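Reader: Please take me through the helix packing in this model. Keep it brisk.

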Amino acid sequence: MSVQAEDVFKKVISHAKEYGFVFQSSEIYDGLSAVYDYGQLGAELKNNIKQYWWKSMVQMHENIVGIDSAIFMHPTTWKASGHVDAFNDPLIDNKDSKKRYRADVLVEDHIEKIRTKVDKEVEKAANRFGESFDADMFKQTNPRVMGYLDKITAIEDRMRTCLENGDLADFKQLIIDEEISDPISGTKNWTDVRQFNLMFSTEMGSVAEGSNKIYLRPETAQGIFVNFLNVQKSGRMKIPFGIAQIGKAFRNEIVARQFIFRMREFEQMEMQFFVKPGTEMEWYESWKNERMAWHMSLGMTADQYRFHDHIKLAHYANAAADIEFKFPFGFKELEGIHSRTDFDLKQHEEHSGKKLQYFDPEENKNYVPYVVETSIGLDRMFLAILSYAYQEETLEDGSERVVLRIPAKLAPYKVAVLPLTKKDGLPEKAREVIDGLKEDFMCQYDEKDAIGRRYRRQDAIGTPFAVTVDHQTLEDNTVTIRERDSMQQDRVAIADLEGIIRRKLKG
Ligand code: GAP
């Protein structure tokens, strides 16, 4: 991470704490690593993201329904899903810094550095050749760039082979051959690569009765798979159809860093889409596009996002891509779209001895459906929005403001109602205005300090609209409405406020 990006990221983290978005869990006991609490504004933002996702996935799709399954599941679920045997991370320690890393992340970061060199070459050439420059042609013909790209392919191929064959010795050799050094100690003094299972376990039942090891779910998806027939039958669902769910997941992440990006307790918004075998690739492409369109609908710019096809496919997938977001620390996974084949349902059939099949009336036969999954981390989406929204601006009059340009429909508070002064009946009038709005929108009342400072406070928490009640309000029942981003103010009738805000939020 560049010094500038690191600085921005630190500011986002301290802003999140200062204004009540995110706190370290159990902070008074010095915190618990990679576990976070959401404060009063964070909880609102998180709820708004959930609602926006649920609405677009469930409410807007006739053939998708939502469920809420338990975190604890029968332990055989995780044997069947492959998580007991295969949900591992390859880890490596640096003997000098004593820091532990995911070996694949070290290699991916190394690849990213080579990619940056490619980008720099392309940028230099684009400046040299001007408008006639063809970036694709340049990449295919420039010997230095071709060398970099070949190197990336060779590293990716070798890493994939290591992971597929479980060849951890060669994985270490790859790190040595590529001369990858520890970002902290700067040395290449590495231990061997080892596999580490990421599931948390606990025990159910009292010891006297004989206890059972159970796991805290590492993904919400399995709660959907085991309920596939329950939902299909009770909801009379016809293939293709989807089941969506939002809920907590737990992973004993070893390399837990970057604030709420990688947590040990986090939330997922997942949807499993059940399709006729043979049609899964069409649906996979379709869901890739639809999910990207969802992100675009929030108004963040297209250059913030990119697709990244997986090199190492999870044990259940025949195709997988990430939607990556440009966080302050670089492009990283925000959402995964996976073609999971019939792996999970077949495994559950085998381990439970129960059929998990669909009778297709058009085909007049039973089959195990194939599944295309979309899976987005709620906390990562939160971080994406917060880090994109955080901006420091110098205004025309030379003053400065910090503004959170959170998409208006997701903002914690939609409207601030501010009496210009604390006297002359303005606070009472402002309360009346709030009373007329609070059933429809999250509103905040603020009368402390000069109006300019109050606007700044609302900018800093991302409130899109500030309504000011002044002396003219008492005469003609009009107020000013100020927009956070443009800071433009218009005078409008109180009676029109609700409609105006509603229209602006929709737009
Ligand atoms: N059911 C598929 C699945 O769980 P995944 O790629 O392991 O796939 C899906 O996780 C999403 O969950 C990721 O794209 C990411 O946004 C989020 N996620 C995964 N691990 C996380 C962690 N430790 N902390 C926060 N979010 C996480």
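Author: Start with α2 and α13. Helix α2 spans residues 40-59 and helix α13 spans residues 378-389. They pack at an angle of about 110°, with axes 10 Å apart. Helices here are DSSP runs of H or I, at least four residues, numbered from the N terminus. Axes are lines fitted to C-alpha atoms over the stretch in contact, and angles run from 0 to 180 degrees between N-to-C directions. α2 and α13 are therefore roughly perpendicular, a label for angles of 65 to 115 degrees. Their crossing is right-handed, meaning that the near helix is turned clockwise from the far one by less than a right angle. On α2, the contact (heavy atoms within 4.5 Å) uses Gly 42, Leu 45, Lys 46, Ile 49 and Lys 50. On α13, Leu 378, Asp 379, Met 381, Phe 382 and Ile 385 take part. By class, that gives 6 nonpolar, 1 polar and 3 charged residues. Ala, Val, Leu, Ile, Met, Phe, Trp, Tyr, Cys and Pro count as nonpolar, Asp, Glu, Lys and Arg as charged, and the others, Gly among them, as polar.

The model is predicted: local features need pLDDT of at least 70, side-chain atom pairs count only at pLDDT 80 or more, and totals for chains, interfaces and linings use all residues. Numbering runs from 1 along each chain as its sequence is written, and side-chain values use heavy atoms, without hydrogens and water.

Now α5 (residues 103-129) and α7 (residues 143-165). Their angle is about 165°, with axes 9 Å apart. They are therefore roughly antiparallel, the label for angles over 145 degrees. The crossing of α5 and α7 is left-handed.

Conventions
Helices (H or I, at least four residues) and strands (E, at least two) are DSSP runs, numbered from the N terminus. Angles under 35 degrees count as roughly parallel, over 145 as roughly antiparallel, 65 to 115 as roughly perpendicular and the rest as oblique.
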